[in-house]
Structures are given as structure tokens and as C-alpha cells.
Amino acid sequence: MSSIKERLSREIVAAEGYLTGLFWRNPDNYNFYSEEKLNYKSFMNTAYGFFFTLGRKLSEKGIKVFDDISVSQVVAETNTSTTYEKYGGFETIHELSSEVRDKEDNLDAYYGEVKKYNLINKLIEYFGERVITDEGKYNYKKMTKEQLHTYWNDKILQLGIDGDNKYDEHFLLEGLDEEIADWDENPTVGLPFYESKRMTKITTGWDYGHVYMYGGFGGSGKTSLTVNKVIMSCIQHKEKLLVIANEQSISEFKKALIVTAMGVGTKEYVDRQKLNEGGFSDDEKERLRKAVKWVKDLCDGDEKLITFVFMENYIMDDVKKLVKHYAARGLKRIIIDTGKPSEGDASMARWERFVEDMKEIYKLARPNGGGLNLAVWINVQLADTALKMRFLNEYALGDAKKIKNEASVLILGRFMWDDEYEGGKHELLVNQWDDFTQTYIDKPLKRDKGHQYYLLFYGKNRRGADNKTGQKVLVLKPYFGINTWYEVGFTTVYDDHNY
């Protein structure tokens, strides 16, 4: 094993040396690469690991120019004179800093190479010399860190497939009677949406093996509805859940959860804006504590039930790694907030990238063909051009309308327009309960002061009817202050073909 490490040390020595020299030449680099990302253990050659770490000590003291005097002082303070002299002292690092004066543009490349060899070293611990043995198209020297990670991760995943191909062969006409009995005894009913019988009935819940896509306009409450209908259901039914977010932080999700808990649980109220302003009164603190207790009681105190991962850079390859990692640990329900094209890919138009990314999500979710049989809920933003559309369908997704193909269920939401309320030119009749007649009747909605109703369109539904095949539009009444979304009834919005 020592000979292997010596070989790798020789291969990476130039990149480690140049990287160290660039940090000494421009100490500001230390501010952009935390110690967690790059430290002594990142280097296979101990000399460069020492000088790199010494440079960080100098930088932490606010020293901007690493000269012989300042370096000697820090060496003395850290009691590392023997090691410093062993590696050639200031003359060695000064020569290296001078040598890289025209290589500043290559810093990211050297950093990537160092991290790649860190990965190679760890892979060898598990797979041995195979990692550095060329075979067919496999050549570790020519591959990037990401390619190596994908290659060896795939090797592990293949072990779990037990040698089977990534497809399932069946015969359509075989076992029909047995299938009917199975449908009868084991219905494919998914997780019910929280306090939403109608929404659940339309798709028979949020089931495994399917992608549910929910599209709304910016600032229209996509995340709020998801917290109320999906996350709350997982808490109520003790279902493990992974939330992958790239816009709203964990703190924002917690605020939405507590507000929801007050709205649907404790039936108490604290001004939502007050959660941002702080300075709670004793009464407000008590109400918030009750909400926390209500949530914990609902999930039997399991604080690890929902895992939250924030992705600063939304890249589909990283999403796939995350999903596979957590799926292997039993988290088979996934929320992605918000789905969008992978960042930093200029090889194709954004909408084309978005379509390709959604294909990858579908491959992960599907129950067969190598999929992981996941229940995926993904929020997407509707195109601004769709603000003029009265009837919402896949065209509201703009150029990315083809992402509909990867979804089993496509839900699209908008607020009711002014002319759709009682007396308006396009007045909507909503089938709702009438206390006087004790039956459901069609009647218009009155415009409440400062309040709007919300319409949910079903543009696609493999688990039932959609708006083109008989499913009516679902009307909700949201109270954003307590994040509750009450089902009012169904209505018909005629397709004006304004798309």
C-alpha cells in the first residue's frame, strides 16, 4: 500500500505544489477555501501540506504579505522550526511562489486535481489497486473527480441489483385473474394529502413510483401549499421525507411549519411577520411553544423524520447522488423545491436542460427499469407569459412544457381573477355545501375583502381524470397568515385556448 501512496504522491506533486504557491502568492485565496474544504490532510505530499497550513496560520493573523520576517515569527509561535527547516525554509516556498506567477488562472484546476486524488486515495481503501488500473475506457488520470465518483458509485449500486438488467420483462396476458385479486386486496392508494379529501380522491394520494409536479407563479404560495398538504401529511402519518431546497432556507421552512401547526393544530395565531421581527411577548412565546409541542406529539417526537438538504448550486448530478444516498437509508418520499434547470450548463438552452433534468428525476422515481420506486413531489415555476392564461395546462410551463411528459400528475395553480367572482363577466359557479338546502349546489363565490380563492388545475393525471377528461378544477381558500388551505369545491373553467 505504501508503494501505491508513493506513486500517487508523485503524480499529484506538481498540482499540490502549484496550489500551495498560488495561496502564498495571493493569501486572499484562503478566504474562499475554508479549512473544511482544504487542509493538511488534503495533501499527499507532507511538505506542501505543511506550507499550505502555515500559510493559513499567517492569513488568520491578518498578514497580507508573506515575507521572511512574518513567516519566521509564526513558525516560532507554532513551534514548527524543525519542520520548517527540514522542508527548506522560506527559500523553498519563495521560489515556488515566484514559479506560479503566471498560473493564477489555473487555481481551480489544481484544486480540482488535489480533491480528485483525495477521492482516489479513499477509493483505494475500499476497492484496492483496481482504482488505479486502466481497463477499457476507464483511465483514472483522464477522468474528473465527478466521473470517478459516478463510476465507482455505479459499481456499488450494481451489487444491489444482483446482476439483473435494468429492465423488467413481463407478459401482458399472463396472470390477469391474479392481478385483479391483487388490485382488490392491495389497492394502489398513496399517502393522503393533509385534510384534503378531494385533492386525495383526484389522484388517490401521493404514491410511490410517480412524479407529482406542482406549478405555480412566483410568490403564489407553492412552498406554503406543499408544507400544508404534503409535509404535514408525512408528519401525521410518520412517513420519512427528504426535502431538497435551493431557494428557501431551513429557517423559512420551520417558520412555515410552525405557522401551519398553529393554523391546523393549536388554532392559535401569531402574526407571520412577527416571526421575522422577533421580540415575542410572553403570550406569543407560549403560543409558539404549544405549536412546537403539537407537531412533536403528532410525529411521536421523531425529530429526524424529515431530512432537509439545501443546495446552493442546483445541479442534477448532485441531486441524483443525494436522492440515491438517502433512498438507500429508507427515505423514499422526496420533495424538490424548486425544480429548475441545472446551473452552469451552457451546452444547451435552459428549457432543454430542464427537460433532460426531469427525465433523470423520472428515472429515479419509476418502480421498474432500474428506478428506486420513489414518491417525488417537485415544485416548478410557471412562465410569466402564462399570467394571461385563464385555463392552465402544460403550456403554462412555457418552453419547458415537455417536462410534463415525465410527470404522472401535473397540478397547476393560480388565484381567481376579479371577473370570476360573483357578478363578474366570467363568473365561476362552484359546487359547494349549502346549509339551507343541506346539499351541494352550484353558486358563485363572493369576493372577501383582502382575500382570494385559489384554483388547482389538473393538466395531466395518470392516476385518474384530468381537466380534459372530466376532472373539474378544485377550488381552495387559503389563509396565508396561518397557512391553511381549505377545500371549497369544484368548478369548471372553460378552455379559452389562450396559449
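Leaving aside its neighbours within four places in sequence, which residues is Q236 in contact with? The answer is Y194 and L298. Keep in mind that this is a predicted model.

**Around helix α11**

Q236 sits in helix α11. Its relative accessibility is 33%, so Q236 counts as partly exposed. For a sense of distance, take Q236 and E420: they are 184 residues apart along the chain, and their C-alpha atoms are separated by 35 Å.

S233 belongs to helix α11 too, which covers residues 222–236. Is S233 buried or exposed? S233 is buried, because its relative accessible area is 1% and the cut-off for buried is under 20%. With neighbours within four places in sequence left out, S233 is in contact with L191, P192, F193 and Y194.

**The whole protein**

Stepping back, the protein has 16 helices and 11 strands. Its C-alpha trace spans about 95 × 65 × 45 Å along the principal axes. Of its 499 residues, 45% count as buried. If you look at contacts with a separation of 6 or more, 69% of them come from residues 24 or more positions apart.

| α3 (residues 46–60) and α4 (residues 68–77) | 10 Å apart | about 100 degrees | five nonpolar, one polar, one charged |

Start with α3 and α4, whose axes are 10 Å apart and meet at an angle of about 100 degrees. That angle makes α3 roughly perpendicular to α4. On the α3 side the contact is made by L54, K57 and L58, and on the α4 side by S70, V71, V74 and V75.

**V319 and the core**

The largest nonpolar core holds 51 residues, and V319 and I403 are the ones that touch the most other members. Which residues does V319 touch, not counting those up to four places away in sequence? They are I244, M311, Y314, I336 and I361.

K285 lies in helix α14, residues 282–298, and it counts as partly exposed because its relative accessibility is 34%. K285 and I244 are 41 residues apart in sequence, and their C-alpha atoms are 30 Å apart in space.

**Aromatic pairs**

How many aromatic pairs does a search of the whole structure find? It finds 26. One of them joins F23 and Y30: the ring centres are 4.9 Å apart and the planes stand at 70 degrees, so the pair is edge-to-face. Both F23 and Y30 are buried.

Another pair is F391 with F457. Their ring centres lie 5.8 Å apart and their planes are at 80 degrees, so this pair is edge-to-face. F391 lies in the loop between β5 (375–381) and β6 (409–415), while F457 is in strand β9 (residues 454–461), so the pair ties together parts that are 66 residues apart in sequence. As for accessibility, F391 is buried at a relative accessible area of 4%, and F457 counts as buried at 0%.

Ring pairs link F23, Y30, Y33, F43, F52 and Y111 into a cluster.

Terms used
Residues are numbered from 1 along each chain as its sequence is written. This is a predicted model: local features need pLDDT of at least 70, side-chain atom pairs count only at pLDDT 80 or more; totals for chains, interfaces and linings use all residues. Side-chain values use heavy atoms; hydrogens and water are left out. A nonpolar core is a set of buried Ala, Val, Leu, Ile, Met, Phe, Trp, Tyr and Cys residues joined through side-chain atoms within 4.5 Å. Buried means under 20% relative accessible area, exposed over 50%, partly exposed in between (1.4 Å probe, protein chains only). Contact means heavy atoms within 4.5 Å. Helices (H or I, at least four residues) and strands (E, at least two) are DSSP runs, numbered from the N terminus. Axes are lines fitted to C-alpha atoms, for helices over the stretch in contact, and angles run from 0 to 180 degrees between N-to-C directions. Angles under 35 degrees count as roughly parallel, over 145 as roughly antiparallel, 65 to 115 as roughly perpendicular and the rest as oblique. Ala, Val, Leu, Ile, Met, Phe, Trp, Tyr, Cys and Pro count as nonpolar, Asp, Glu, Lys and Arg as charged, and the others, Gly among them, as polar. Rings of Phe, Tyr and Trp (its six-membered ring) pair if their centres lie within 6.5 Å; planes under 30 degrees apart count as stacked, over 60 as edge-to-face and the rest as tilted.
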